[in-house]
Amino acid sequence: MAGRFAPRTTRTTVRGGAAAVPARVPRPATAPGLQRTWAPPGPLDLGLVLGPLRRGPGDPTFRATPDGAVWRASRTPAGPGTLRVALRGTDAEAEAWGPGAEWLLDQLPRMLGASDDPEAFEPRHRLLALTRHRRPGLRLVRTGLVLESLIPCVLEQKVTADEAYRAWRLLVGAYGEPAPGPAPERMRVMPTPRTWALIPSWEWHRAGVDDKRASTILRAVRVAARLERTTELEPARARALLEAVPGIGPWTSAETVQRSHGATDAVTVGDLHLPGIVGYALAGDRDADDAVMLSLLEPYAGQRHRAARLILLSGRVPPRRAPRMQPRDIGRL
């Protein structure tokens, strides 16, 4: 993906991004929902853990509010739901609304990294050891939802991040439904599979989505129920089933299971920038390709995704040698 070099407070990616959680201020009174408190087994940074779920600063399904909370609007197996998570001391306090509220609260520990074991990672490079020390609250998210990660990943295929974020924002804003409960203004739940399938071709075009990516999404939503059941499988098996859908390749499947399954070893191959960033950070080789990247990450087998995230969080990226790729607006063609 173009445009993903140094970490920014307004942009998040699965590869090293973090949502900017504003300083805590008093929260206004709101209608109560279902509640749950969970004590994480170690340090927890909400911005680092949930940041990969945010698709740009205008994502209608994600919001970090001035009271220090993170809000998410999701379409769960039980229906649409809104989740608010905030830290109080060392505990994570959550509140949820809508038909999917109970499901979201049941999933809360896994979403915040309960099934992840950061201690399993053994840094073999000073940069990784230093970054892990500076970012002790990093845990890998696991949403248990495939489609909400898959569709944005398809939108990100071979375009700039800004183009993909714009498409996601426009399509969810136009065809999603309002988030249940007292969610922040303009928060939306992504469309149902049927609604995705009924979006007219010209609306995909206006959102800047070419026919190839739109067709991939339409093929995916036709088998949405089967894809969602892959959360019961190991990430490698889930990736194989995802890639059985035409238009979904190794890049898209890796980006998806990193979020939906908390896959610690899913390496994003086929990326425009990641091999050069990993090569530069670990070996001073900014021209590294996928093969070199995989070779450098081999000592971290089983934890290669975590290693890549730590590299991006370190901020050690090669100096830019060319202008940033300019977004295209196919909706004007």
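Reply: Arg36 stands opposite Ala94 in E5. The model is a predicted one, and this pair belongs to the contact between strand E1, residues 34–38, and E5, where five bridges join two strands that run antiparallel.

On E5 there is also a pairing with strand E4, which spans residues 79–88; here seven bridges link the two strands, again antiparallel. Within that pairing, Ala86 stands opposite Glu93 of E5. E4 and E5 form a hairpin with two residues between the strands, and Gly89 in this hairpin takes a positive phi near 70°. E5 covers residues 91–97, and five of its seven residues are buried, so the strand is largely enclosed by the rest of the structure.

From E4 the pairing continues to E3: seven bridges join E3 to E4, and the two run antiparallel. One example is Arg72, whose bridge partner in E4 is Leu83. E3 and E4 also make a hairpin, with two residues between them.

The hairpin of E2 and E3 has five residues between the strands, and in its turn Gly68 has a positive phi of about 85°.

How well is E3 covered? Strand E3, residues 70–76, is mostly covered, with seven of its seven residues buried. Val70, Arg72, Ser74 and Thr76 point one way from the strand, while Trp71, Ala73 and Arg75 point the other way, and all of them are buried.

Now the rest of the chain. It has 14 helices and seven strands, and 55% of its 333 residues count as buried. Of the contacts with a separation of 6 or more, 70% are between residues 24 or more positions apart.

The largest nonpolar core has 31 residues, and those that touch the most other members are Leu147, Leu150, Ile151, Trp196, Trp204, Val209 and Leu227. Two or more residues of this core come from each of the helices H4 (147–155), H5 (161–175), H8 (211–222), H9 (224–228), H10 (235–242) and H11 (250–260). Another core lies apart from it, with 22 residues that include Leu46, Leu50, Leu53 and Met111. As for Leu227, when residues up to four places away in sequence are not counted, it touches Val146, Leu147, Leu150, Ala220, Leu242 and Val245.

Leu242 also takes part in a helix contact, that of H10 with H11. The axes of these two helices come within 9 Å and cross at roughly 135°, which makes H10 oblique to H11. The crossing is right-handed. On the H10 side the contact is made by Pro235, Ala238, Arg239 and Leu242, and on the H11 side by Pro250, Ser253, Ala254, Thr256 and Val257.

How values were computed
Residues numbered from 1 in each chain as written. Predicted model: local features only at pLDDT ≥ 70, side-chain atom pairs only at ≥ 80, totals over all residues. Heavy atoms only, no water. Buried < 20%, exposed > 50% of the residue type's maximum accessible area, 1.4 Å probe, protein only. Helix = DSSP H or I, 4+ residues; strand = E, 2+ residues; numbered from the N terminus. Pairing = 2+ DSSP bridges. Core = buried A, V, L, I, M, F, W, Y, C linked by side-chain atoms within 4.5 Å. Contact = heavy atoms within 4.5 Å. Axes fitted to C-alpha atoms, helices over the stretch in contact; angles between N-to-C directions. Parallel < 35°, antiparallel > 145°, perpendicular 65-115°, else oblique. Left-handed = near helix turned anticlockwise from the far one by under 90°.
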